[in-house]
Amino acid sequence: LAAALPRALSASTAVDPTTLAQALDSRGVAIARGAVDVTAVHRAREGWEALRGDPRAYVRLLDFSKAGGIRGAVHGGEGTRAEVALPCGGPFKPAAFLPTAILRAVRAHLGCRPRLEMAVVIESRPGAEDQRFHTDVHLEGLLPEGHDRPCPARAGVVVAVPLIEVTSRNGPFECLPGTHGLSKAALRDLFRGCPPEEAPPGAETFLAAPLAPGDCLLYARDLVHRGRGQAPGPGAGPRPVAFFSFVPEALLELAGEDLDHDYLGTFPPLAQRHGEAWLRAADEAFAAEGGAGPGGDAPAAA
């Protein structure tokens, strides 16, 4: 499979924004090996470990995914049991976590300045089941009736950074490359007669495993994908992955509350305050002229 995929999907350690953007354009998914400074990842993991036992920090993924945004253009992308979400505000300091090369790839794919719309750590625990195949958002039907501004060509990009190694057994990401940009009717035809937990017969699948701490998985928000489950047993344990969701600024303005930017409202008050402060700092860092934001020249802070 690796030989047939763009170089950004292979085990290359090079972080080339152009190659990553081309993979996102053509396949809807790309991997940048070793893109994030491993020291920053370890610090984030320590912060996550300090908070993971505090019930004021978490929300069930099922509640989180139902609360905001338009998900499930295929079957409904509800979360499964034994998965929880935590805002990045607590474990992630400073806010500029992602390197400039990744942000430039996101911008090149979107064709405009992206907005950081969501930042969350999702933890899969032993006993988590396979998700249904779904999309995180779909442009079709998202914008309000009668709007007179052009719709962005891209739905957005999610950047996922594992805080521990992700294997084929502890809840990896699986997708159907090339399904981004399909209409809802085309998606329904693709999955017609297919159980929601199974890929359509003959469809190409890609399992993003293994992923090491510091690797970056990038995927289009309208790509058909799912999180795989994690069976309990010897060696099983929590698997935290940080997810950063970027959308075109124009789409955020047009769609308003129909996107996930209000997702923090699903968390307990303490977690909301941490998350809001972190998102503000991250937006400032990513948008700073000449700083860590898309198009800037300086590397992100570690």
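**Sheet, helix and core in a predicted model**

Strand β5 (residues 157–162) and β8 pair in the antiparallel sense over four bridges; two strands count as paired if DSSP finds at least two bridges between them, and helices (H or I, at least four residues) and strands (E, at least two) are DSSP runs, numbered from the N terminus. The model is predicted, so local features need pLDDT of at least 70 and side-chain atom pairs count only at pLDDT 80 or more, while totals for chains, interfaces and linings use all residues. Residues are numbered from 1 along each chain as its sequence is written, and side-chain values use heavy atoms, with hydrogens and water left out.

Strand β8 is mostly covered, with five of its five residues buried. Buried means under 20% relative accessible area, exposed over 50%, and partly exposed in between (1.4 Å probe, protein chains only). In a regular strand the side chains alternate between the two faces of the sheet. In β8, C216, L218 and A220 point one way, L217 and Y219 point the other way, and all are buried. The loop between β7 (206–208) and β8 contains P210, which is joined to A209 by a cis peptide bond with omega about 0°. Most peptide bonds are trans.

Helix α2 (residues 38–51) has 14 residues, and at 1.5 Å a residue it should span 20 Å; its end C-alpha atoms are 20 Å apart, which agrees. The expected span is 1.5 Å times one less than the number of residues. The buried residues of α2 are A40, V41, A44, G47 and W48. They cover an arc of only 120° around the axis, which puts them on the same side of α2; the arc is that of the directions from the helix axis to the C-beta atoms. The face turned away from the buried side carries the exposed residues E46 and A50. What covers the buried residues of α2 includes β3 (83–87), β4, β5 and β10 (239–248).

The largest nonpolar core has 67 residues, of which F92, F97, V159, F244 and W278 touch the most other members. Such a core is a set of buried Ala, Val, Leu, Ile, Met, Phe, Trp, Tyr and Cys residues joined through side-chain atoms within 4.5 Å. Strand β4 (residues 114–124) gives the most to this core, with six residues. A second, separate core of six residues includes F133, L187, F191 and V224. Leaving aside neighbours within four places in sequence, F244 has contacts (heavy atoms within 4.5 Å) that include C88, F92, L116, V159 and W278.

C88 counts as buried at 1% relative accessibility, and C175 at 0%. With a disulfide taken as a pair of cysteine sulfur atoms within 2.5 Å, the count comes to zero.
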